[in-house]
Amino acid sequence: SGSPLHYGESDPSLTGEARTTIEDFEHKRWKNKIEYSRFIDANGNIVEDNKGGKGSVKASLHARMTADVMSHNHPRSGEDAGLLGGTFSTADLNNFARFNQTTYRATAAEGTYSISKLSGFDKSGFSQYVKSENSKNYAVYKSSMTTINNSYQSGDLKYSDYVSAAHKAFNTYLVAEHNSLRSGQKLYGYHYTLERRSK
């Protein structure tokens with residue numbers, strides 16, 4: 001990506017049958033070009049599977065209120081080849097804070113991002129932190145894209161170079177979001193990691 005990702009150990013909150021069931025889903029879905037989600041209970045029983053579109057997937061309120069773990073895939077396709085799937089969106093993280101899941105996961109080509117609430121999880125502080133960090137990281141990305149767009153429009157960049165620069169800027173933004181989530185763990189009472197793919 002040009003911006004190194006930090007990998008961690010497996011999320012210790014996900015073990016046994018729950019991990020087996022959720023990893024089976026992730027191994028099946030990470031290459032898909034549209035989003036899917038799976039909600040399971042603490043024993044690994046499937047509560048709900050969902051099929052979405054290229055950029056989102058919906059779930060029932062029942063699943064959000066009763067399931068313990070949620071995983072979904074982050075696809076990239078077409079001209080987006082070479083882009084990271086990336087960590088959780090702000091919407092993902094707001095739902096993680098709001099609803100009853102202990103663990104949220106996002107599986108992508110580079111691995112699986114996993115975030116779990118700990119006993120001292122600070123819901124309000126976490127939500128404010130996510131909003132602030134995303135605003136900061138997105139502003140840097142937007143500024144980079146303005147520079148890249150201006151260079152392309154002035155003829156200083158060929159189209160292929162424009163695409164390469166835009167992809168690099170987006171990947172850099174995703175890595176910044178990843179690093180923000182790594183940095184906030186002790187402050188807001190959660191565990192966050194990027195797991196390497198085991199298969």
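β1 (36–40), β3 (69–73), α3 (90–98) and α5 (159–183) each give at least two residues to the lining of the largest pocket. The model is predicted, so local features need pLDDT of at least 70 and side-chain atom pairs count only at pLDDT 80 or more, while totals for chains, interfaces and linings use all residues. Residues are numbered from 1 along each chain as its sequence is written, and side-chain values use heavy atoms, leaving out hydrogens and water.

Helices (H or I, at least four residues) and strands (E, at least two) are DSSP runs, numbered from the N terminus. The protein chain has six helices and six strands, in the order α-β-β-α-β-α-β-β-α-α-α-β from the N terminus.

A pocket is an open set of points on a 1 Å grid over the protein atoms alone, where a 1.4 Å probe fits, with protein on both sides within 12 Å along at least five of seven lines; lining residues have an atom within 4 Å of a point. The largest pocket is lined by 29 residues, and Glu35, His72, His74, Ser89 and Asp92 lie nearest its centre. Its lining divides as follows.

| Class | Residues in the lining |
|---|---|
| Nonpolar (Ala, Val, Leu, Ile, Met, Phe, Trp, Tyr, Cys, Pro) | eleven residues |
| Polar (the others, Gly among them) | eleven residues |

A nonpolar core is a set of buried (under 20% relative accessible area, 1.4 Å probe, protein chains only) Ala, Val, Leu, Ile, Met, Phe, Trp, Tyr and Cys residues joined through side-chain atoms within 4.5 Å. The largest has 35 residues, of which Phe88, Ile115, Phe126 and Tyr190 touch the most other members. α5 gives the most to this core, with nine residues.

Methods:
Buried means under 20% relative accessible area, exposed over 50%, partly exposed in between (1.4 Å probe, protein chains only).
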